[in-house]
Every structure is written in structure tokens, then in C-alpha cells.
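Please look over the sequence and the structure below before reading on. The briefing that follows takes the sheets, a helix pair and a loop residue in turn.

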Amino acid sequence: MHRKAFLAGAFALLAAGPAIAQAIPATVDQPVTITFYNYNLASAGIGAEATKKLVAEFMAANPNITVEGVPYSSADASRIQADLAAGLPVDLVQTVFSDLDFAVENFGAKALEDLVPADELAAHFEGMSPNGLKLGVLNGKTYGLAYTFSTPVLFYNADLFRAAGLDPDQPPKTWDAVKTAALSIKEKTGAMGFTGGIIGPGAADWLVQGVVRSNNGEVISRDRKTLKFAEPEAVEAVQMLRDLADAGAYENMDFNGALENMAAGKLAMYLQTSALQAGLVAGAKDKYELRASTMPSFGDKPTRPNNSGSALTIHTADPIKQRAAWELMKFLTSKHGYTVITSEIGYLPLRTDIVTDPQYLAGWVAEHPLVQPNLEQLSRLEPWDPMPGPNYRQIVKTMMDAVEMAVFGGADVQPTLADAAANAQALMP
């Protein structure tokens with residue numbers, strides 16, 4: 001371990017306090033203030049207003065609890081690390097799933113089983129998707145409660161499909177079909193065929209994991225000790241992406257470019273998180289018909305979609321603040337909370353029963369068919385594996401850079417991934 005990383009982790013642990021489980025009080029019967037580190041608050045277009053609305057509603061219903069929202073970037077946990085080292089209160093965090101291991105080992109995230117009475121925890125978990133609950137489990141305990149998450153959704157422009165003589169009621173279900181449709185649309189309409197938030201500037205590794213898994217591969221072993229993204233199944237999955245790019249079916253563009261071209265009706269298909277749904281719907285309004293389908297498969301192999309997004313993690317060692325943070329967690333992941341999160345942001349509801357409940361999401365779902373592929377994939381949802389150790393971000397970057405070079409950089413796929421896997425393995429704990 002690098003000395004700098006070791007010292008930063010040590011300071012964070014000291015700031016977080018000793019990892020001793022304490023029983024939290026049954027209620028908050030005195031005024032208390034908690035901080036809520038939230039990356040949606042830092043993203044005006046992706047859920048900031050919905051988050052503020054929910055927090056305001058919670059405080060109105062819980063007058064003893066004041067919640068101070070702290071915007072931070074999901075791409076960089078340095079704000080949290082710095083605040084912990086400075087002794088500032090970090091009470092509740094919206095933790096991106098890829099940071100979960102680091103949050104437990106370095107930021108003092110608490111297991112809910114160690115804080116909340118078992119019957120109370122079971123009562124709150126009742127009705128939640130079992131696959132969704134697994135997303136925040138590490139080493140057999142629930143350190144994170146799934147909050148804002150989704151599966152990969154293939155958004156597509158139905159008008160471009162029609163213009164190319166394709167049936168928009170039969171969207172591509174396999175990667176071969178994506179290639180065929182993209183090239184046909186490109187030839188007959190001049191529009192771009194396909195892009196995805198799989199690789200490139202700003203891309204996280206969740207989609208890479210889902211693509212590789214859907215070819216029966218893995219990027220890391222189940223015991224989280226060995227990197228596997230250079231094994232044959234993973235190489236084959238990346239080679240498929242390379243073939244799409246070489247054929248001209250897969251456009252190389254960054255996050256903003258993809259959004260802009262999709263909004264302008266110049267891009268036919270876009271594989272991304274459903275968190276972008278509201279923005280894509282707004283961009284397509286009065287321009288073209290936007291539809292959505294499930295993640296493409298490798299032939300007849302079942303897809304293994306994994307999640308993007310975040311979990312809620314409790315970091316404070318103060319029992320009163322822990323109870324206050326748990327009360328906020330319960331509110332945000334209640335039936336009402338998930339109704340707001342799904343309808344106003346676009347993420348999946350962890351409570352699937354509200355989808356057909358007229359008191360909650362039934363009416364909205366009927367009017368917004370784009371959510372259906374996301375709901376369908378929930379039954380096959382697998383966790384976004386966080387890389388272990390203090391070098392987890394560098395491990396991810398090494399893998400992602402190699403995949404990008406193999407797909408768009410002209411590098412040979414297998415040796416590029418093999419070299420990257422060897423270098424990344426050296427960074428593993």
C-alpha cells in the first residue's frame with residue numbers, strides 16, 4: 001500500500017471513531033442535526049430537486065431532526081475523506097456502489113444489522129426486492145441500503161427505425177441485432193446508429209461488468225481476490241464491442257455528446273442508466289418518439305444486468321445521530337420515497353409492489369412505458385462489484401482504460417486486457 005493512501009485511510013478511520021456496535025435509541029426525542037452527503041444534490045439535472053423535496057418533507061414530519069445536505073461528486077470521494085480527516089461530521093452518505101468496500105474499510109460505514117433491532121430492520125425490508133437488497137451487502141452484512149439505482153436500458157429513436165424500414169415494435173434484443181440495425185439506420189438515414197455509456201470519458205465500470213457477465217464472464221472473482229477481465233469470456237465480450245466499433249456501428253462519443261445527439265434525433269440507440277430517462281424524454285418531446293428496451297444479449301445467453309447508482313450508508317458513531325440517519329433512510333426508501341425517486345428521477349423502486357398500487361406508482365407507470373424494461377430486468381439484477389482495497393479507483397481506471405484502448409484505440413484486445421489485468425492485480429490488497 002502506498003504511504004499516502006495508508007495515512008489517508010488511517011486518518012479517516014480515526015475521524016470516523018471506533019467501529020463498536022451500539023444500540024440506537026428507539027426515537028429521537030431531542031433536537032439533532034445530521035449531515036447528508038448526496039451526489040444528486042451536486043447534479044442539477046439528475047435528481048437535485050426531488051432530493052430537496054424529500055428532505056424537506058422528512059424534516060416537516062420529524063421536527064427534532066435537521067438535515068444538512070452536502071453536495072459532493074460521485075466520481076471523487078475526496079470531499080468525504082477530507083471532511084472526516086478534519087473531524088467534520090459525516091453522518092449519512094449517498095455512496096456510489098463501487099465505493100462501498102472503501103466506505104466500509106476507510107470511512108467507517110456501519111452495518112445496519114449492528115445498529116438497528118432485528119425486528120425493526122426486518123419490518124422495513126419487508127416488500128423490498130431481494131435482488132435490490134443484495135446490492136448493499138458486503139461480507140454478509142447490509143452496509144448500504146439501495147437508494148437510487150437502475151439497470152442498463154437501451155433507449156431508441158422509433159422514428160429513425162421507421163425511416164430505415166425497421167420495425168420499432170421489434171427493437172434489437174441481441175448485440176448482433178444492434179449491429180445490423182445500427183448499420184442499416186446509418187446507411188438509410190445518415191443518423192448515427194449506436195453508442196453506450198460503457199466506456200469513454202465519464203463512464204463508470206458498472207456497464208462493463210454487466211456486458212462481461214452477460215457473456216458468462218466476470219471482471220473479478222466471487223471471493224474478490226482475483227481480477228478476471230482478461231479471461232476468455234471477458235475478452236470475447238470486449239471483442240464484440242470492438243467489432244461494433246470497427247464496423248462503424250458503435251459511435252465513440254462522451255456522455256454529453258451522446259445526450260446531445262440523442263436529444264437532437266441524430267442517434268438511434270443509446271445504452272445507459274434509466275436515471276437519464278427524464279432528461280431524454282424532455283429532449284425527445286415534440287421531436288421524435290423515444291422508446292426503451294432491455295439490455296442486448298449475446299445470442300441466446302440470458303443477460304445478467306447489474307446496477308448503477310447508490311446506496312445509503314450510515315457513518316456517524318453517535319447513537320442519537322444513527323437513529324436520526326436511520327429514520328431518514330427509512331423515509332427515503334419508503335413507498336412514498338420510492339414513488340418520488342422513480343417518477344421524478346427515473347431510478348428503480350426497491351419496493352416493487354408500488355408499481356401496481358394506484359396510491360403510488362400505478363398511474364405513473366401506465367403513462368410512462370419507458371420504465372418497463374427496467375422493471376423487467378429487476379428479476380435478474382446482480383450487484384455492481386466494488387473493487388477492494390485503497391487502490392480501488394486505480395484498479396477500475398486500469399481496466400476501463402484497457403477496454404477503451406481495445407475498442408476504440410486499435411489495440412489488440414486480448415494482450416491489452418491481459419497486460420492491464422496484470423498491472424491491476426498488483427494493486428489489489
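Phe36 stands opposite Leu92, which lies in strand 3; strands here are DSSP runs of E of at least two residues, helices are DSSP runs of H or I of at least four residues, and both are numbered from the N terminus. This is a predicted model, in which local features need pLDDT of at least 70 and side-chain atom pairs count only at pLDDT 80 or more, while totals for chains, interfaces and linings use all residues. Residues are numbered from 1 along each chain as its sequence is written, and side-chain values use heavy atoms, with hydrogens and water left out.

- Five strands make up an open sheet with mixed pairing, in the order 2-1-3-11-6, where two strands count as paired if DSSP finds at least two bridges between them.
- The edges of this sheet are strand 2 (65–71) and strand 6 (145–150), each of which pairs on one side only.
- On average, neighbouring strands of the sheet are turned by 20° against each other, direction ignored; axes are lines fitted to C-alpha atoms, for helices over the stretch in contact, and angles run from 0 to 180 degrees between N-to-C directions.
- Strand 1 (residues 32–38) and strand 3 (residues 92–96) run parallel and are joined by two bridges, and Tyr37 stands opposite Val93 of strand 3.
- Strand 3 also pairs with strand 11 (residues 308–314), in the antiparallel sense and over five bridges, with Val96 opposite Ser310 of strand 11.
- Five of the five residues of strand 3 are buried, a term that means under 20% relative accessible area, with exposed meaning over 50% and partly exposed in between (1.4 Å probe, protein chains only).
- Leu92, Gln94 and Val96 point one way from strand 3, whereas Val93 and Thr95 point the other way. In a regular strand the side chains alternate between the two faces of the sheet.

**Helix 3**

- Helix 3 (residues 78–85) packs on the five-stranded sheet and touches strand 1, strand 2 and strand 3, its direction making about 150° with that of strand 1; contact means heavy atoms within 4.5 Å.
- The buried residues of helix 3 are Ile80, Asp83 and Leu84. Seen down the axis of helix 3, these residues fall within an arc of 100°, so they line one face of the helix, the arc being that of the directions from the helix axis to the C-beta atoms.

- Strand 8 runs parallel to strand 9 (residues 267–273), to which four bridges join it, and Gly196 has Leu271 of strand 9 as its bridge partner.

**Helix 11 and helix 18**

- Helix 11 (residues 232–247) and helix 18 (residues 392–408) pack at an angle of about 40°, with their axes 8 Å apart.
- The contact is made by Val238, Leu241, Arg242 and Ala245 of helix 11 together with Val403, Ala406, Val407 and Phe408 of helix 18.

**Gln30**

- Gln30 lies in the loop between helix 1 (3–16) and strand 1, and is partly exposed, with a relative accessible area of 39%.
- Not counting residues up to four places away in sequence, Gln30 touches Asn64 and Ile320.
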